[in-house]
Amino acid sequence: MGDTILEMKHVTKKFPGVIALNDVSIDVKKGEILGIVGENGAGKSTLMKVLSGSYTNKEYEGEIWVNGEKQSFGSVSDAKKVGIEMVYQEVNAMYEASVAENIFVGNLPGKGWVDYKKLYKDTQDLLDQLGLQISPKTPAGALNSGQLQLMSIVRAMAAHPKIMVLDEPSTALTDSEVDILMNFLENLRKSGVSCIYISHKLEEIFRICDRVTIIRDGNVITSGDISEFNQETLVQGMIGRKVENMYVKSKHEIGEPTLEVKHLSVPHPTIDNRNIVDDISFTVRKGEILGIGGLVGAGRSEALGAIFGELVQGVHKEVKINGKEVTINSPKDAIKAGIGFVTEERKRTGFIQTMNILQNLSLISLYDLPKKYFIDRKVENEKAKAIFDRMRVKAPSMNTMVVNLSGGNQQKVVLGKWLMKNPQILFIDEPTKGIDVGAKAEFYKMMDELANAGVSIVMVSSDMPELISMSDRIIVLSNGKITGEFSHEEAAQASIMKAAIANQ
Ligand SMILES: Nc1ncnc2c1ncn2[C@@H]1O[C@H](COP(=O)(O)OP(=O)(O)OP(=O)(O)O)[C@@H](O)[C@H]1O
Ligand SMILES: [Mg+2]
């Protein structure tokens with residue numbers, strides 16, 4: 001490994017009421033991958049936004065040195081000029097434009113006009129390097145969230161960076177896409193590019209990083225070679241305590257069917273005359289956690305969205321709740337019928353940015369009450385506070401605007417909102433995406449308590465240990481069909497994977 005290429009020295013960044021970074025120093029060597037880990041709200045994204053020029057040199061204290069030269073970035077493009085490229089935690093894309101245009105935006109080949117031939121060829125080369133099977137001409141809007149994440153990485157790579165920052169690049173990736181990413185990082189390292197890699201998935205940190213820096217509450221706790229750490233010491237450093245038992249699951253008392261779905265079909269969003277969910281039927285019982293496994297694109301989210309009334313066009317379904325037929329044509333109908341839905345894309349459907357935490361938490365609980373119903377604000381606030389505390393939402397108070405929370409803390413609010421409402425049937429799509437290990441453990445406990453209290457839970461998850469450990473029963477979807485069903489005792493990674501690639 002080469003010389004030091006990057007040093008951030010004594011960086012302090014404050015927001016109103018929050019010290020996001022407190023005298024943080026890190027360094028990165030040439031051709032090295034530095035992992036940065038820490039709880040939700042620890043300051044990881046903020047540190048990287050300082051590095052990438054999103055916050056200008058007037059908005060923080062401290063110094064940035066690249067190749068022994070002191071920098072002062074007034075903008076993102078200043079940072080790009082010295083070779084710093086960042087892939088942000090939240091994907092930004094022009095959905096109408098093609099993959100190629102998204103990748104080369106601001107740098108399209110040609111003079112005065114765009115040389116499309118070259119654009120598509122250059123894009124194809126980059127996609128090939130990553131082993132991505134996407135056509136350069138595809139509109140970005142047609143990509144799934146994993147492909148969008150990989151596209152953002154290709155976009156950063158197209159600029160030939162010296163230092164590449166990846167802020168939770170794998171939250172929407174499947175296992176095989178993670179392999180693609182890891183290979184790609186290996187190659188970057190070989191070619192002497194340095195990387196900063198942020199992830200809550202500690203196995204990725206151990207797999208790819210040379211060194212790691214732990215941040216807690218805006219302070220560097222320690223930095224060292226990855227070989228100096230194991231899972232336990234890393235977690236302990238991140239959250240300042242041990243997580244004894246990650247997956248808490250008691251034996252649930254499983255009762256009568258609460259939700260029965262028959263002949264559910266959902267048309268494919270981009271392919272004509274094809275169903276993304278193709279005539280599936282399943283039942284969930286009182287107090288049961290039903291896991292839905294499968295690959296991204298198997299139709300899992302669409303199935304939940306269609307039952308919930310979010311997708312209606314061309315959908316066929318027969319739904320019974322507590323033995324009675326119900327008609328659900330909108331999310332409002334679904335909520336009335338006793339269903340809750342924690343969606344995968346929190347930005348789109350999860351919360352209202354311009355409201356504070358308390359308002360967001362109370363949103364759904366209040367919304368279907370009769371008009372003249374007396375709302376006991378005090379009880380509401382106490383309930384919200386209990387969830388706020390339990391999930392360890394990192395914010396000065398419940399009056400903090402949700403838009404100012406870190407990614408993982410926003411996710412906690414979205415979950416909390418539905419826990420407040422306490423529906424009889426709860427759909428959860430990729431629940432712990434972007435959530436730190438401590439909050440994850442707490443969330444699993446809550447899920448277990450809900451099931452014990454008789455709530456029926458349907459959970460879509462691509463996280464195998466989570467799916468296997470938390471579900472009473474698992475069904476697997478592949479290409480819109482149910483290709484496997486396993487009891488908690490039977491469930492094993494190999495058989496689930498086998499079912500996930502059946503019917504292809
Ligand atoms: N624009 C902002 N205004 C006010 N506070 C902010 C703003 N951006 C970040 N913060 C606060 O700064 C702290 C650090 O946030 P940051 O996004 O860096 O966390 P993180 O480590 O990336 O967490 P996560 O794992 O959830 O992504 C948090 O308390 C957050 O609420
Ligand atoms: Mg972050």
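Which residues form one aromatic cluster with Phe 308? I kept that for the aromatic entry below.

**Setting up**

I am working with a predicted model, in which local features need pLDDT of at least 70, side-chain atom pairs count only at pLDDT 80 or more, and totals for chains, interfaces and linings use all residues. Residues are numbered from 1 along each chain as its sequence is written, chains are lettered from A and ligands numbered from 1 in the order in which they are written, and side-chain values use heavy atoms, with hydrogens and water left out.

**Overall build**

I found 17 helices and 20 strands in the protein; these are DSSP runs numbered from the N terminus, helices being H or I of at least four residues and strands E of at least two. The radius of gyration is 23 Å, close to the 23 Å from the globule rule for 504 residues, so the protein is as compact as a globular protein of that length. That radius is taken over C-alpha atoms, and the rule is 2.2 Å times the number of residues to the power 0.38. Along the principal axes, the C-alpha atoms fill a box of roughly 70 × 55 × 45 Å.

I then looked up burial: 52% of the 504 residues are buried (under 20% relative accessible area; exposed is over 50%, partly exposed in between, with a 1.4 Å probe and protein chains only). Of the contacts (heavy atoms within 4.5 Å) between residues at least 6 apart in sequence, 66% join residues at least 24 apart.

**Sheet with S1**

One open sheet of 4 strands runs S2-S1-S4-S5 with antiparallel pairing; two strands pair if DSSP finds at least two bridges between them. Strand S2 (18-29) and strand S5 (69-71) are the edges with a single partner strand each, so one side of each has no neighbour in the sheet. The twist averages 20 degrees from one strand to the next. S1 (residues 4-15) and S4 (residues 61-66) are joined by 5 bridges, and I noted Leu 6 with Val 66 in S4 as its bridge partner. Helix H1 (residues 44-51) lies across S1, S2 and S4 at about 115 degrees to S1 (axes are lines fitted to C-alpha atoms, for helices over the stretch in contact, and angles run from 0 to 180 degrees between N-to-C directions).

**Sheet with S11**

Another open sheet of 4 strands has the order S12-S11-S14-S15, again antiparallel. Its edge strands are S12 (275-285) and S15 (324-326), and the twist averages 15 degrees from one strand to the next. Helix H9 (residues 300-307) packs on this sheet, touching S11, S12 and S14, with its direction at about 115 degrees to that of S11. Between S11 (residues 257-267) and S14 (residues 316-321) I found 5 bridges, and Ser 265 stands opposite His 316 in S14.

**Aromatic rings**

I got 7 aromatic pairs, where rings of Phe, Tyr and Trp (its six-membered ring) pair with centres within 6.5 Å, and planes under 30 degrees apart are stacked, over 60 edge-to-face and the rest tilted. Tyr 247 and Tyr 444 make a tilted pair, 5.1 Å centre to centre and 40 degrees between the planes. Tyr 247 is in the loop between helix H8 (231-239) and S11, and Tyr 444 in helix H15 (residues 437-452), so the pair ties together parts 197 residues apart in sequence. Tyr 444 is buried at 0% relative accessibility, while Tyr 247 is partly exposed at 25%.

Phe 308 and Phe 341 pair edge-to-face, 5.1 Å centre to centre with 70 degrees between the planes. Both are buried. Back to my opening question: the cluster is Phe 308, Phe 341, Trp 418 and Phe 427.
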